[in-house]
Amino acid sequence: MDKKRLNAFWDNIFHKDQDPAQQDLISVLSQVPLFAGLTRRELKRVARIAHLRMYAQGERLFQMGHPGAAMFVIKSGKVDIVIPQEGSTDLLLASLGAGTFMGELALLDDSPRSASAVAAEDAQAIAFFRSDFNKLIEKEAAIGSKVLKELAQIIGQRLKVTNQQLSDLRQTVGHYES
Amino acid sequence: MNLEYDALSRAKRRKLFFLISTFLGLAVFALLVWALRELILPAIVGALAAYLCHPLLARMRCYGVPKAAAILLLFTGFFLVISLVSGQIRDAIPDEQGKLELRVRIQFKLNEKYQQLMQVDDSGKGNLVYSLVGSEIEPFWQRINGWLILPPKERQQFEEYYRNRFGADRFDQKYYRYFLANIEQHKKNDALHTAEESVDQNTQVVTTEKKSETDANANGGLLAAIGGVISLWMAAPFVFLFLLLDEGQIKRSLVLLVPNRYFEMVLTVIHNVDDALGRYLRGTFLECTLVGFTLMVGLFVIGFGVKWAFIIGTLAGLANAIPFLGPGIGLLIGLIYGLVVEEYTPLFSFITADSMFIWVLVIVGMTQLLDNAVYQPVVLGNAVSLHPLVVIIGVMGGSILLGFTGMLFAIPVIVVLKVVIGTLIQQMKAYQII
């Protein structure tokens, strides 16, 4: 009994986290491709730098043209990626659901956002701030190498898709021109 | 049910709720700060130490040291340094008798140096320096002697102590001879300035009597006061420990209060402020440590004992955090010690007791030169810089508001304000809020 009490005392001080919300966060993060290679212990470390945010329908997660400072993982709800149009409805690029992530380039630099993200319905998102993320990968090199490798692969994949789309578009335009 | 109307009133209610709770929260916070104002300094010291130790903790974690072990190591180091420094300073503070002796020594040595410089004879005539500036310096000199001379009650105390301890041998004791010489000098001055002196002395006796009454009252509650100070300063290590244990929970809890619209902007502002302030505080700490260490080595070289070189170096290093005034404080402490020092072991034979004053000046000057030419550009190179006028007004304002504590913390507070306001405006523009 005394030993248990002593363990509980040290657990409180050194944050042996048994919080259900924390467990929930870890299980969501484990589904995200960016964190696919991480062990449970490493996911716990990543969860410690996460900010959980609630968004009402129609609220913006980030806006096109603003400097990017955080990457968002959707925990629940739906988020639309749009390009705002003056005087008309926004141009919808993609609609993302739970487990997907967006704004990952903000983890690399603070270049302006290329599109806006708007909550299509009440949503919960997990945000990772660039500076916290950089500190984490400096301190935990193993986590850093795994996450950055995944990020490079994802960006490479998206570049391939974009190239393919560009090539298809050129072919279509060429077809119409001829 | 009119949904649109309901949503509108809900938004209004929400706004009102947030406004009232923010106002109440701020009021409670201000009340708490005022009620617990005595805890602020220990908490700031603990927080500052934790802030300075954070990069060390990160470095240790990089080398694979477990977090608990790294914190334990830093906590032990913090305790050891604090106990070592406070122990040395406590030992150096003289007791009641020691204070009387120190006053006698300072007065005697000052008069000795003055006599050496001016060479005033019994008829009241001196050398060329005296004939040139004597009339200006003499009243100032008399006033200093008036401050330093022991008042009748303390003279009696000093006399009794030496009589009880040494009996007839007291006349062979160096400090007792100084004491007699001071009284002799005082009498001589009396003869010259009888009228002025009698007024001064009466005032002094009254002041001293009042002071002793106050001292007696203060001594009555001394134990309670010491107990209070100890229990208040117990907060410092706890603040230090829990801030080191914190892994961003405090920041995350604060960021939860920020509306979504400003979320990224606030995080960026916090990061930039933390970065700039961290660089400034760590740079200043390193600069002060280097200044203190240089002074310590310099004073040791010119013959100060290790203990006194350590104490003066530490105090001067600490005071160096106050721009402009800090070096002056270091110089003053060094000069006072250089004045009263009688046992010294210089590493070079050409350093004598008579030239100690000049050597202290040389060492402090060299330290300041090194500080300005090497330490500051290297250590504080890219940290926040303030205009000298802002620094002077800030230090004076801090001193008026909170005394020495205000002087010490004025510049960090101005740095925080400058960085917060600058970054906030920059980020608000970037996020198109203004």
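Predicted model: local features only at pLDDT ≥ 70, side-chain atom pairs only at ≥ 80, totals over all residues.
Trainee: How do I read a pocket, and what is the volume of the second largest pocket here?

Mentor: Rolling a probe the size of a water molecule over the atoms shows where empty space is left. In this model, the second largest pocket has a volume of about 2,100 Å³. Its lining counts 47 residues, and those closest to the centre are Val45(B), Val81(B), Ile82(B), Val85(B) and Leu318(B).

Trainee: Which helix gives the largest share of that lining?

Mentor: That is α3(B), with 11 residues. Several other helices of chain B supply at least two residues each, including α2 (37-62) and α16 (388-430). Sorted by class, the lining holds 36 nonpolar, nine polar and two charged residues.

Trainee: Now the rings, please. How many aromatic pairs are there over all chains?

Mentor: The search finds 18. Take Tyr162(B) and Phe166(B): their ring centres are 5.4 Å apart and the planes make an angle of 35 degrees, a tilted pair.

Trainee: Why are Tyr162(B) and Phe166(B) separated by about one helical turn?

Mentor: Because they are four residues apart in helix α6 (residues 152-166) of chain B. Tyr162(B) is buried, at 3% relative accessible area, whereas Phe166(B) is partly exposed, at 23%.

Trainee: Which charged residue sits over the ring of Tyr51(B)?

Mentor: Arg282(B), whose charged end is 5.5 Å from the ring centre. In chain A, Arg113(A) lies over the face of Phe62(A), 4.0 Å from the centre of that ring.

Definitions and conventions: Residues numbered from 1 in each chain as written. Chains lettered and ligands numbered in written order. Heavy atoms only, no water. 1 Å grid on protein atoms, 1.4 Å probe; cavity = no way out; pocket = protein on both sides within 12 Å on 5 of 7 lines; lining within 4 Å. Points joined across faces, edges and corners; volume = space filled by probe spheres on them. Nonpolar A, V, L, I, M, F, W, Y, C, P; charged D, E, K, R; others polar. Phe/Tyr/Trp six-rings, centres within 6.5 Å; stacked < 30°, edge-to-face > 60°. Buried < 20%, exposed > 50% of the residue type's maximum accessible area, 1.4 Å probe, protein only. Lys NZ or Arg CZ within 6 Å of the ring centre and 35° of its normal.
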